[in-house]
Amino acid sequence: MATDSTQIKSVIKFFRWFCNPDYAEDIEGDLMERFEKNKTISGDFRANMKLTTDVFRLFRPGIIRPLKGTQKLNSIDMLKHNILITFRNFRRYKGNFLINLIGLSTGLASVLFIYLWVSDELATDSYHQNSENLYQIRTNHKNSTGIKTGRGVPGLLLDEIENDLPEIKMAIATTDVHEYTLSTEDDSYKANGRFASEEYFNLFSFSSLKGNLKTALSDKANIVISASLAKRIFNSTDVIGKSLDWHFWNNSKSVIVSAVMNDIPSNSSEKFDFVMSWDYYHDDMITFKGWGNYYGRIMVQLHPDADVSATNEKIDQILIDKQGSDTVDTFLAKYGDQYLYNKYTNGVQAGGRIEYVWLFSIVAFFILGIACINFINLSTAKASHKTKEIGVKKTMGASRLALMGQYFTESVLLGFISLLVATALVWLLLPYFNIVTDKQITFQLDGLFILVAISIIFAVGILAGLYPALYLSGLKITESLKSGVLKGSGRAVGRKALVVFQFSISIILIVATWLIQEQMEFVQQKNLGYDRENVIYFEREGTLLEKSEEFLAELKSIPTIETASTSGFMIGGANSTGGIEWTGKGDDERIEFWETRLGANAIETLNIEMVAGRSFSNEFATESESIIFNEAAIKAMGISDPIGKTVKHYSGSKQIVGVVKDFNMLSLHTEIQPSFFLYRPDFTHFVMIKLQKGAEIATLRQIETVYESFNPDFPFKPKFLDQDYQALYASENKIADLSGYFSILAILISCLGLFGLSTFTIEKRQKEIGIRKVLGSGVLNIVYLLSRDFTAMVLIAIVIALPVSYYLGRSWLENFAYNITLGWSFFFLAGFGALVISWLTVGLQTINAALANPVDSLKDE
Amino acid sequence: MGKYQLGEFEEVVMLTVAILYGEAYGFAIIEEMEKRLNRKVSIGSLQTVLRRLEKKGLLESEFGEATKVRGGKRKRFFTVTSVGKKMLEEAKEQRLGLWNAIPNIALND
């Protein structure tokens, strides 16, 4: 019986729980009446069963209590109430609200910017359909000085791998992008282009505007041009079949437009406006097709199930067989990864741009953290304003969860408003951001962005709201209702720790930015062993190929030209070779030299210092058999007393006529490398001119006039050598700019928080200050009293931040072979700077408070 | 807004409420329906219909006195409103109209 009655009880309990309270009474009566009747007819068990089924059959819409019932209504009401209270709080503490809003929205804006930047970086080159299985064959050159990683492979490799390796689905050869001249009958244009084999457009997913890209490179005389180039040259994109002339140095070729492609997407690491046939390049332009000549860039698409390292071993074996030695190893680098993972040290992948992607993601996180800390600190500091409210609410029966709900509502709502402001900021500032980062990021409100935005709001809400919610909701009723100072809120160790954290991060960012900027300055000022200021160069094309001597003679009549010469010197290096033999060379010894062809006077134009022997001169008939090394090369070869000795170059034996002081034509990421000059005025690509300082523009105009009289068919497009040099550091310069902006933001947001905190503290200590003044305390004394705490916090932050930034700075500087020394002045100044900034932040208020008339603060109680 | 049409079960429930004039509360209605129509009626389905009809204004209800039986729970007595009565009459007339329209021959087998 007992079990029966418990069953009935629980069934009825269930019924009461779900039933619409308006109906509950009479239906329950019916249930009981029926139950009693059933009991007399068919016994307890049956009656029980019937009751149970009846109750379950009552569990249906129409009977079940509607959702607006008390419980649910309550939580919606609570939400409404919370939002209302939140808005009232915003309005009441406008200062706090503004500090939080400004801090969070700028913080969020930088997070959004970094998100856009990072996702753009990650998306680079990933739009190719075959991206999963797309690899570039790269080479590691083993030297006596270490392993050098290159992009080039022998062009002959293409045929070998295409036929012999089943793992390879498709393979293409291409060249680096270079600026060439294209001409029509009327005019000529400079444009970036490359050569690529027939299947190039099958391997890469570039889209066609006119014509079929897949077959567009089938003929040597075909050219594919981009839509914008078509518009530039022909003013139309309907240009299939039109002819163009392509020129490079002493080559030219008539080509016919076979297809027009859409412009290369902005998230492509290589941008070019035309593609010509690899077959033409390989058959007609490369005169020296050897297995030691690394002029090709080969990309392969592997079959999805192919083993990458096994495939690479086969490729490497081909190279070993063909070269007869194993000085060069191949490896397969994923094509889409190469943009971000572009750095190799000693043949091993060593990061690259991906480090900056990580770095900025972390910076974004910290900036957001700093902004959240402001919210945390200000709301816990203001807790004393809220103690009564919390006490009353708790007395009325508010649960801890409900109270936490209120603070979470506040922080999430603030996060939401800040995100709106941040989105507007991003939208407004994106064009400038694109200029700084040299990107074409567009801002789209797509699903992913909304997802990111919502998760950011909740992350901020929880990050910022968690501590205040726990802290405030945990206050004891009796304590919070008793008037008096709240325990712990005055000292607030946690709050101070957070301020210390904020300032540590800010100081680290300041030091980092400063360091980057100093290093970039150093790099740009550094004497590289050649003069790059006011040196211009342009390509020798058209008539300049034959008449370069006459052209140079004509230029002599311009007085503001210091020197002019033909030259093959290129920043970043053009050709490198291992093809030098000298007496005393060991069998396995191999040195990779940079080879540069020069005309007479070129060494003078570049102002490279001679340490021994003489420079090139056109007065010697046999000058083409002369060679000039740099000191590093002489040292690497171990030749003593080099002048007059002969070495064997791959083109014949050469006599050493001079040695120049070391110069660095690469970036300062690398050490000075062995290199040599050959006298080959006819084989130089450029005319190089050193202009007199101060008259550059006028001189350029005069040069242009002379140029046009010689070479009317070609555009005059001179380049400055130091611009090329700066381009070597383009990514570092962008990073320097970006980190500058972000660290300024970080310190600003930190100071905002400090400002809010100090306002609050001063407000609370007004009476104390008044009494102290009445008792004879001086203004300075009070200023000291008020700023002591903040100073201590910033000092602790400095102590924490400096070792960390020293460590980080040193590891960044290791990227450069030549770098600034990390002096203590750096850290001292950065720390001192932070201190001064924090003083300025609290200073004005402190002084105001100290100067206030004590009567004002003491008159009423 | 179309005119509300009574369902079959709704009509039966309303008629039963009318039969039990003054005594029509949940359990009694079920007893009456089971007795007269020989069909099983669950409390759930009946109550849903009662509440629905009440909401539509075809029935109205009030609590009776509390008694010792039924665990002290009050009964809720339903009565047909004048609108409900009109609905029932209409339904009846429609049926009759249909019946009258059947030619004699159709149902003679």
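**Helix α2(B) and its surroundings**

A: Let's start with a helix: the buried residues of α2(B) pack against α2 (21–58) of chain A, and also against α1 (8–19), α3 and β2 (76–80) of chain B. Keep in mind that this is a predicted model, where local features need pLDDT of at least 70, side-chain atom pairs count only at pLDDT 80 or more, and totals for chains, interfaces and linings use all residues. Residues are numbered from 1 along each chain as its sequence is written, while chains are lettered from A and ligands numbered from 1 in the order in which they are written.

Q: Which residues of α2(B) are buried?

A: A residue is buried if 20 or more other C-beta atoms lie within 10 Å of its own, exposed if 12 or fewer, and partly exposed in between, with C-beta atoms placed from the backbone. In α2(B), the buried ones are Gly26(B), Phe27(B), Ile29(B), Ile30(B) and Met33(B). Looking down the axis of α2(B), they fall within an arc of 160° (taken from the directions from the helix axis to the C-beta atoms), so they line one face of the helix. Lys35(B) and Arg36(B) are exposed, on the face turned away from that buried side.

Q: What follows α2(B)?

A: Asn38(B), with a positive phi near 60°. By the way, helices (H or I, at least four residues) and strands (E, at least two) are DSSP runs, numbered from the N terminus.

Q: How many residues does each chain bring to the contact between A and B?

A: Two residues are in contact if their C-beta atoms, placed from the backbone, lie within 7 Å. Chain B brings 17 residues and chain A 17 residues. On the chain B side, α2 (26–37) and α3 (43–55) each supply at least two residues, and α3(B) gives the largest share, 6 residues.

Q: How do I describe two packed helices?

A: By the angle between their axes and the distance between the axes. Here the axes are lines fitted to C-alpha atoms, for helices over the stretch in contact, and angles run from 0 to 180 degrees between N-to-C directions. In chain A, α15 (residues 493–525) and α23 (residues 779–813) pack at about 35°, with axes 7 Å apart.

Q: Where is Asn534(A), and what does it touch?

A: Asn534(A) sits in the loop between α15 and β15 (535–539) of chain A. Leaving out residues up to four places away in sequence, Asn534(A) touches Lys690(A), Leu691(A), Lys693(A) and Glu696(A). Asn534(A) is partly exposed, with 18 other C-beta atoms within 10 Å.
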